[in-house]
Amino acid sequence: MGGGGTDGGLQALRRRELMQPVAAPIAAITEAARQRHGDAVAAVLFYGSCLRLGSDEDKIVDLYVLVDGYAAAYGAGLRAALNWALPPNVFYLETPFEGRVVRAKYAVVSLADFAKGASGGWFHPYLWARFAQPCRLSYCRDDAVCGTMASALAGSVKKSAGEGLALVGDRFTVRDLWVALFRQTYRTELRAEPPERAGEIYDANAAHYETVSTIALADLGAVAAEGPAEGERCWQRTRRPGNAGGKWWLRRLQGKLLSVARLVKAAFTFQDGAHYLLWKIERHSGVSIVLTPWQRRHPILASTVLFWRLYRKGAFR
């Protein structure tokens with residue numbers, strides 16, 4: 001994307017957002033993730049519920065670790081091949097911090113794949129809808145990488161807003177647009193989210209969506225309009241949208257297939273996945289078990305045995 005005009009404005013806005021500092025526990029878990037993959041790490045993105053809530057206490061931090069390449073991150077082997085074939089690979093990580101443990105679930109994807117997917121080059125919304133939301137660079141190697149990230153995330157906003165326009169009526173609010181988009185994107189993954197979840201995501205960072213949408217919607221042919229209530233701000237669509245129904249049906253089909261494929265892949269790539277699952281179970285039930293080294297390496301393959309042991313201990317009612 002170019003450096004001027006609307007795109008340049010979005011890039012500058014998202015760059016300022018990215019460069020805001022993160023809390024010390026986030027910096028600590030970011031450094032632990034960097035240590036796992038060494039000099040291959042170009043950037044680490046912090047996003048998700050811990051950012052929205054402003055706390056990681058008793059939660060899982062969400063990170064994206066962006067690497068120069070998959071062989072550089074892992075060496076030659078199955079993990080690198082699977083990450084290239086179906087990004088991202090997902091891992092669980094713990095690190096001590098001031099007398100407690102900080103926990104993270106992080107995804108590894110190449111900087112090139114991220115830039116393409118987040119800026120709208122992927123048909124599926126896996127990256128561009130996720131990173132139209134607020135995020136922070138908890139680590140960035142240099143200014144060139146930061147520029148790449150700002151450009152990709154500006155593209156995330158434009159792609160998401162453009163797809164959202166096809167989901168709302170001719171006159172709409174910014175909230176209407178983003179809630180409609182988030183509801184559709186949840187339907188493309190294997191996740192059970194209540195209908196109100198999309199609204200909660202918007203409301204947690206309403207100022208962010210209002211600000212980025214003001215820039216993006218004008219470029220997409222929408223114009224500001226008076227709302228039905230005094231002082232309410234609406235937008236008027238000036239271009240007829242395409243066939244949103246068929247497009248999102250294909251995305252739902254693609255998304256379900258990709259989600260299943262990623263679950264299968266996780267049997268070979270999700271490092272410490274069983275540890276993560278058992279922490280979640282112990283947190284809610286108080287039941288804990290000790291894993292063997294093989295179970296740590298192959299959490300999904302070991303899941304049947306683990307489930308039976310947990311059931312006998314009363315973890316499931």
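Predicted model: local features only at pLDDT ≥ 70, side-chain atom pairs only at ≥ 80, totals over all residues.
View 1. Strands of a sheet pair through backbone hydrogen bonds, either parallel or antiparallel.

View 2. Look at β1, residues 41-47. Six bridges link β1 to strand β2 (residues 60-67), and the two run antiparallel. Val44 stands opposite Val65 in β2. Five bridges link β1 to strand β5 (residues 135-140), again in the antiparallel sense. There, Ala43 has Cys140 of β5 as its bridge partner. Is β1 mostly covered or mostly open? It is mostly covered: seven of its seven residues are buried.

**View 3. The largest nonpolar core has 49 residues.** Which residues touch the most other members? They are Leu45, Val61, Tyr64, Leu66, Phe114, Phe131 and Met149. Strand β1 gives the largest share of this core, seven residues. Met149 touches Leu18, Leu45, Leu66, Leu111, Phe114 and Leu137, leaving aside residues up to four places away in sequence. In soluble globular proteins, nonpolar side chains tend to be buried together.

**View 4. Helix α2 has its buried residues along one face.** This helix covers residues 24-37, which makes 14 residues. From its first C-alpha to its last, α2 reaches 21 Å, close to the 20 Å expected at 1.5 Å a residue. Its buried residues are Pro25, Ile26, Ile29, Thr30, Ala32, Ala33 and His37. An α-helix has 3.6 residues a turn, so residues three or four places apart point the same way. What covers the buried residues of α2 includes β1, β2, α4 (70-74), β3, β4 (100-110) and β5. Gly38 follows the helix, and its phi is positive, near 65°.

View 5. Phe97 lies in strand β3 (residues 89-97). Its relative accessible area is 14%, so Phe97 is buried.

**View 6. Helix α8 is largely enclosed by the rest of the structure.** The helix runs over residues 174-186 and has 13 residues. Its reach from first C-alpha to last is 19 Å, close to the 18 Å expected at 1.5 Å a residue. How many of its residues are buried? The number is 10 of the 13, so α8 is largely enclosed. The buried residues are Val174, Leu177, Trp178, Val179, Ala180, Leu181, Phe182, Gln184, Thr185 and Tyr186.

**View 7. The side chain of His208 reaches a backbone oxygen.** His208 sits in helix α10 (residues 206-219). At 13% relative accessibility, His208 counts as buried. What does its side chain reach at 2.8 Å? It reaches the backbone oxygen of Ala132. His208 touches Arg14, Glu17, Ala132, Gln133 and Pro134, not counting residues up to four places away in sequence.

View 8. A cis peptide bond joins Pro87 and Pro88, with omega about 0°. Pro88 is in the loop between α5 (78-85) and β3. Asp58 is not a glycine, but its phi is positive, about 60°. Asp58 lies in the loop between α3 (49-53) and β2, and at 46% relative accessibility it counts as partly exposed. Glu98 is not a glycine either, and its phi is positive, about 50°. Glu98 lies in the loop between β3 and β4. With a relative accessible area of 70%, Glu98 is exposed.

Note on methods. Residues numbered from 1 in each chain as written. Heavy atoms only, no water. Helix = DSSP H or I, 4+ residues; strand = E, 2+ residues; numbered from the N terminus. Expected span 1.5 Å × (residues − 1). Buried < 20%, exposed > 50% of the residue type's maximum accessible area, 1.4 Å probe, protein only. Core = buried A, V, L, I, M, F, W, Y, C linked by side-chain atoms within 4.5 Å. Contact = heavy atoms within 4.5 Å. Polar contact = N/O pair within 3.5 Å; in protein donor to acceptor, adjacent residues only side chain to side chain. Pairing = 2+ DSSP bridges. Arc of directions from axis to C-beta.
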